[in-house]
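Q: I would like to learn how to read local features from a set of coordinates, one at a time. Could we work through an example together?

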Amino acid sequence: MKKVGKAISALLLATLLLSACSSGNDNSQPAQGSASPAPAATDTAAADASAPAADTGSTAAPAVTPGPSAEATVTPAASAAATAPPAGSESASAEIPLLYHMNKNYDIVPNEEGTDKKVVLLTFDDGPKEAEMINAMMDTLDKHKAKAIFFVNGYRVKEHPELLELLHERGGIIGNHSWDHIVLKDKSYAEVNKQIGDVQSIVKDITGEAPAFFRPPHGAGGDVGKQVAAENGMLYMTWSVGSLDWEMKEKDTGKTETLVKNVTDQLHSGSNILMHELPWTVEALDTLLTTLEGKGYSFVDPRSIELKMR
């Protein structure tokens with residue numbers, strides 16, 4: 001009987017050992033599988049915050065909860081786009097009071113006494129061209145808490161729609177500069193309507209908003225250009241201060257000093273400053289804005305300007 005008892009004890013011990021080994025293997029499998037679904041779910045949240053997390057039935061899913069680590073994967077631009085109305089949108093404009101209007105000299109004028117009149121309007125023509133220049137311009141504008149109108153050509157937008165998206169996402173106010181960079185004043189109504197209308201359409205298709213400002217190439221829109229702009233609900237403008245950056249060449253020296261002097265020599269309250277998306281203008285922009293601020297000027301938000309000249 002003692003031998004039988006020992007045999008039974010040995011069998012029981014063996015069974016317990018086998019059970020313990022089997023249990024250890026089962027527990028290790030989920031531990032290995034739970035490490036990979038968490039990053040995958042975070043990546044999905046970053047790519048599309050509205051989409052449900054992947055593998056919602058996996059063991060890792062309960063561990064992925066909204067919090068600082070998940071939000072950190074969303075870029076600042078994407079976060080701003082999700083929480084704030086796009087620049088120039090109706091809802092954004094509704095939050096910005098209409099404090100200014102444009103006069104017949106294309107200057108910016110306060111609507112009422114007491115509103116700061118020592119302001120300038122910043123504008124850039126002939127884009128969008130390069131992401132590097134756009135980002136550099138927007139970095140400088142952000143530094144000075146300034147907004148600007150970017151008057152774009154339709155053919156450039158068609159070639160690089162992602163550059164228009166970049167401008168829009170970074171808070172640039174998009175303006176219409178006609179499809180081709182041509183003189184419009186001697187063209188037929190039908191041709192001018194197409195030049196302007198096609199830009200309205202492509203910008204709205206890409207950004208969800210049609211431009212509210214129109215500047216004719218070479219400042220030559222004529223009566224027909226003014227008519228078509230009005231029919232599209234846009235404010236027609238040329239400029240009142242030219243930086244003359246378009247006359248400069250790459251080989252020229254002292255371009256920053258020349259550009260700043262060109263602007264300050266003509267500077268006055270309400271100046272509507274014409275610049276272009278050019279390397280030397282981008283390089284001079286911080287110095288120019290610092291100089292203007294030093295003279296007591298601030299930068300008008302284009303969205304605070306009425307869309308009718310008076």
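Q: Which residues of helix 10 are buried?
A: In this predicted model, helix 10 covers residues 222-231, and Val224, Gly225, Val228 and Ala229 are its buried residues.

Q: Why do the buried residues of helix 10 line one face?
A: The general idea is that an α-helix has 3.6 residues a turn, so residues three or four places apart point the same way. In this case, the buried residues of helix 10 fall within an arc of 135° when seen down the helix axis, so they line one face. The face turned away from that buried side carries the exposed residues Asp223 and Ala230.

Q: What do the buried residues of helix 10 pack against?
A: They pack against helix 9, strand 6 (213-214) and strand 7 (235-236).

Q: Which peptide bond is cis?
A: Omega is the angle to read here, and for the bond from glycine 127 to proline 128 omega is near -5°, a cis peptide bond. Proline 128 is placed in the loop between strand 3 and helix 6.

Q: What is the nearest side chain of opposite charge to glutamate 277?
A: That side chain is lysine 129, at 6.4 Å, and glutamate 277 is buried with no salt bridge, the cut-off for such a bridge being within 4 Å. Glutamate 277 belongs to the loop between strand 9 (271-276) and helix 12 (279-294), and a polar atom of its side chain lies 3.0 Å from the backbone nitrogen of glutamate 130. Beyond neighbours within four places in sequence, the contacts of glutamate 277 include Gly127, Pro128, Lys129 and Glu130.

Q: How many residues does the largest nonpolar core have?
A: The largest nonpolar core has 40 residues, and among those with the most contacts inside it are Leu122, Leu141 and Ile273. Several elements each supply at least two residues of this core, including strand 3 (119-127), helix 6 (131-143) and strand 9, while helix 12 gives the most, with seven residues. Leucine 122 touches Leu141, Ile273 and Leu289, among others outside its four-place sequence neighbourhood. A second, separate core has 23 residues, including Phe213 and Phe214.

Note on methods:
Residues are numbered from 1 along each chain as its sequence is written. This is a predicted model: local features need pLDDT of at least 70, side-chain atom pairs count only at pLDDT 80 or more; totals for chains, interfaces and linings use all residues. Side-chain values use heavy atoms; hydrogens and water are left out. Helices (H or I, at least four residues) and strands (E, at least two) are DSSP runs, numbered from the N terminus. Buried means under 20% relative accessible area, exposed over 50%, partly exposed in between (1.4 Å probe, protein chains only). Lys and Arg count as positive and Asp and Glu as negative; His and the chain ends are not counted. A polar contact is a pair of N or O atoms within 3.5 Å; within protein, one must be able to donate a hydrogen and the other to accept it, and residues adjacent in sequence count only if both atoms are side-chain atoms. Contact means heavy atoms within 4.5 Å. A nonpolar core is a set of buried Ala, Val, Leu, Ile, Met, Phe, Trp, Tyr and Cys residues joined through side-chain atoms within 4.5 Å. The arc is that of the directions from the helix axis to the C-beta atoms.
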